[in-house]
Amino acid sequence: MPSEGRCWETLQALRRSDKGRICYHRDWLLRGEDVLEECMSLPKLSSYSGWVVDHVLPHMQENPPPSETSASPRSTSALGQPSFVPKSPVGDPAFSPASSATPNGTTDKYESQHTEPMVLQSSQGIKVEGCIRMYELLHRMKGAEGLRQWQEEQESQARALSEMASEQLKRFDERKELKHHKEFQDLREVMEKSSREALGQQEKLKAEHHHRAKILNLKLREAEQQRLKHVERERLRKEEGQIRLRNLYALQEEVLHLSQQLDATDQRRDLPRVDLSAFRTRGNQLCGLISGIIRATSENGFPTAEEQAVAERALQEMRDLLVNLQQEIARACEDRRRQDEEEAQVKRQESQVQQGPEVRKEPPASRQGPGGKLNKDLQVKVQDSTMQWYQQLQEASSQCVLAFEGLSNSKDSQAKKIKMDLQKAATIPVSQISTIAGSKLKEIFDKIHSLLSGKPVQSGGRSVSVTLNPQGLDFVQYKLAEKFVKQGEEEVASHHEAAFPIAVVASGIWELHPRVGDLILAHLHRKCPYSVPFYPAFKEGMALEDYQRMLGYKVTDSIVEQQDSFLKRMSGMIRLYAAIIQLRWPYGNRQEIHPHGLNHGWRWLAQILNMEPLSDVTATLLFDFLEVCGNALMTQYQLQFWKTMLLIKEDYFPRIEAITSPGQMGSFIRLKQFLEKCLQRKEIPVPKGFLTSSFWRS
C-alpha cells in the first residue's frame, strides 16, 4: 500500500533527522543515564512500533483526519512544520473498548490531557506516539489488574496460612502443655521418691548421729575429766613451784646473810692471824651457785625439785662452812690464849731470875699459808683504789645532774623547748654513727664538738646552742655520755661491728672534752658494774630487786629480765669499752696520750683475773673483751700478755668450770675454744669491723 510505504519513509526520515537521533525516555532522570552518551548512539524505534504500524495505521487510513484533506501544499511539503490538531486519534471507535474507561470506572487521564490542541512537528509522529502511549497505558492497566489479582491471591493465601499457623500453634501449645504436665508429674514422682529416700536417710543419719553423740559425750566427759586433772596437776605444780621458788629465795637470802657473817668475821681485827680466804672463796662459790639457779629459774618458770635440793645442800654447806669457820676461830683464839699464858709465864720466870743481859727476841715468822706456800686464793671485793675511783666518778655524775636540775624540772615552756632541742642535738648525731664512710663520721664528730664548744648547730631545722641556757652545757654533756653508753647497750649488743665507729667518736670527744669521758665511765659503771670490775655485795635489809638492779639486771614490775638479754647488754657495753681504750680520733693531736688507753684495759684484765669468777658472766665478758681488744694488748704487752693467757687457761678456767652449771657451759666453751685457738696460732686476730686507713679515705 502506498500509505504503508509512505509511513515507513516517514519513520526513516524521522530516524535520520537530528531530533530522531535523540533517545528520548520519560524516566531518563530516574534511570540516571548519561544524556550525551545517548545522543551519540543511533536512534532506536520503540518495541511497540511494529504493532502500531500493523494494527493502528490501517484504521487511520480509512478515516483520514480533516487536516490531511484540507492541508495546503505548503504543509504537505513541509512535514517538519508545526500544525494544530484538535485531538488525538484515540477517539477512534477501534480503541473504544480499551480506552473507554479505567478498571475503576473513571475516564482515562490520557484523554483529558489531550483535549487541548498541541503544536506537533508531524501528525504521523503524533499518531505513533499516541499509539505508543495508549499501548503503554493498556499494559499498565493490565499490569495493575494482574497485580491486584495477585495481591488478592496472596492475601487469601496469607489468610489461609495464618489460619493454618494459628491452628498449628494451638496444637503445638496443647502438645507443649501436655508435655509440661507429664514432666511435672514425673518430677513430682521423682521428688516424692527422693523425699521418701531422704527421709529414710535422715532417719538413718539421726540414728547414727544419736549413736555418735553418745560416744562423743563419753569422750568429752573423759576429755573434760582429763583437762580437770591436768589443770589440777598444773595448779599443784605451780603451787609447788611457787613454794619452791619462795623457799629458794629464802635460801638465797639466808646464804647471803651467812656470807655477810663470813665477811664480818674477816673484818674483825681482834681475831688471831688465821687464814680465812678458803672459807670466803667457798662461800662466794656457793652464793654464785644459788644465784645461777635463780637466774635459770627466771628463764624456765619455776625451780625443779633437783634445783631446790642443790640449793638446800648449798645452804647446809654454807652453814657447815660458817660452823667450821667459827670452830677454826675458836681454836685459833684458844691457841692464842694459851700462847699468851705461856708468854706471861715466861716473863714472870724471867723477872724472877732477873738475869742481867736481856734475851733477844726472835723475829716473828713470815706470813705464809699452809705448807709454807703463798696464799693463792682469789678475792671477792674490788681493790680500794679502784673502788675509790668508782665512787669519785659516780659523785661527779651526781653533781652534774644537780647542776642542770633547774633546767630539767623547769615548768617554763621556753625552757622545756630549749631542753628538748639540746637533747635532740646531743643524741641524734650519736644515733647516726655507722660504718658507712669516714667523711660522714667526721661530719658527726664536728657537729658534736661544735655543740660542746658553744657554737650554734642545726637541729630539726633550728639553730641550737648550749649558750641558750646557763645549765645547757652540763645537760648536753650528761645526755651525750648517756647516749654513747646506750648505743653500746643496744646497737653494739646487736651489731658488734658498730663498736668501733662509736668508740672512735667517743674517744675523740673524750680527748677534747674530758668531763664527757668521765660521765661516759660513770654511766658505764652504773649499768655494767663488771666494767669496773665490781661485784656488788648484798647488804642486810636490802630488797632482792634492788640487789638485782645493782648487778645490772633490768627489773620491771618485779619481773627480772631473761639471762640471755642481760648477757647481751653486758656484752655490748664491754665491747664498746674495749674499743674505746684502743682507738684514737685520727684527726686529733697525736702528741698527747690517750685519755683512757690500753693501760686501763690491762688493769681491768688483771683485776678481773684476781677476783672470783661469776657463773656465765665472767666467761662472756672475758671472751668479748679479748675478741675486741686482745690484738691491741698482744701488740702492746707481748710476752707478758701470753703469760696471762696461759694463766687463764691453766688456773682460771678450772675455777670458772667449777661454778658453771651444765646448762650454762656455752659461754665457757666459747671462751675456751677461742683462747686455745689463739695459743695454738700464737696470735690474736684483728677484730671484725676494725677501722682501717681505707675507711677514713672513703
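**Figure 1. Contacts and overall make-up of the protein chain.** Of the contacts in the protein chain between residues at least 6 apart in sequence, 77% join residues at least 24 apart, a contact being heavy atoms within 4.5 Å. This is a predicted model, in which local features need pLDDT of at least 70 and side-chain atom pairs count only at pLDDT 80 or more, while totals for chains, interfaces and linings use all residues. Residues are numbered from 1 along each chain as its sequence is written, and side-chain values use heavy atoms, with hydrogens and water left out. The protein chain has 26 helices and six strands; helices (H or I, at least four residues) and strands (E, at least two) are DSSP runs, numbered from the N terminus. Buried residues account for 36% of the 698 residues in the protein chain. Here buried means under 20% relative accessible area, exposed over 50%, and partly exposed in between (1.4 Å probe, protein chains only).

**Figure 2. Helix H23 and its kink.** Let us follow this helix along its length. A straight helix of 21 residues would span 30 Å at 1.5 Å a residue, yet H23 spans only 26 Å between its end C-alpha atoms; the expected span is 1.5 Å times one less than the number of residues. H23 has a kink of about 60°, centred on cysteine 629, where the bend is the angle between axes fitted to the seven residues ending at a residue and the seven starting there. Because 17 of its 21 residues are buried, H23 is largely enclosed by the rest of the structure.

Figure 3. The structure holds 14 aromatic pairs. Rings of Phe, Tyr and Trp (its six-membered ring) pair if their centres lie within 6.5 Å, and planes under 30 degrees apart count as stacked, over 60 as edge-to-face and the rest as tilted. In the pair of tryptophan 604 and phenylalanine 625, the ring centres are 4.5 Å apart and the planes meet at 40°, so the pair is tilted. This pair links distant parts of the chain, with tryptophan 604 in helix H22 (residues 598-609) and phenylalanine 625 in helix H23 (residues 617-637), 21 residues apart. Tryptophan 604 is buried at a relative accessible area of 0%, and phenylalanine 625 is buried at 0% relative accessibility.

**Figure 4. Serine 615 in the loop between H22 and H23.** Serine 615 is buried, with a relative accessible area of 2%. Leaving out residues up to four places away in sequence, serine 615 touches Arg295, Ile659, Thr660, Ser661 and Gln664.

**Figure 5. Threonine 644 in helix H24 (residues 639-659).** The side chain of threonine 644 reaches back to the backbone oxygen of glutamine 640 at 3.0 Å. Threonine 644 is buried, with a relative accessible area of 11%. Its partners, not counting residues up to four places away in sequence, are Trp602, Leu605 and Leu609.

**Figure 6. Isoleucine 509 in helix H18 (residues 499-512).** Isoleucine 509 counts as buried, at 0% relative accessibility. The C-alpha atoms of isoleucine 509 and histidine 449 are separated by 6.9 Å, although the two residues are 60 apart along the chain. Setting aside neighbours within four places in sequence, isoleucine 509 has contacts that include Phe445, Ile448, His449 and Leu452.

Conventions:
A polar contact is a pair of N or O atoms within 3.5 Å; within protein, one must be able to donate a hydrogen and the other to accept it, and residues adjacent in sequence count only if both atoms are side-chain atoms.
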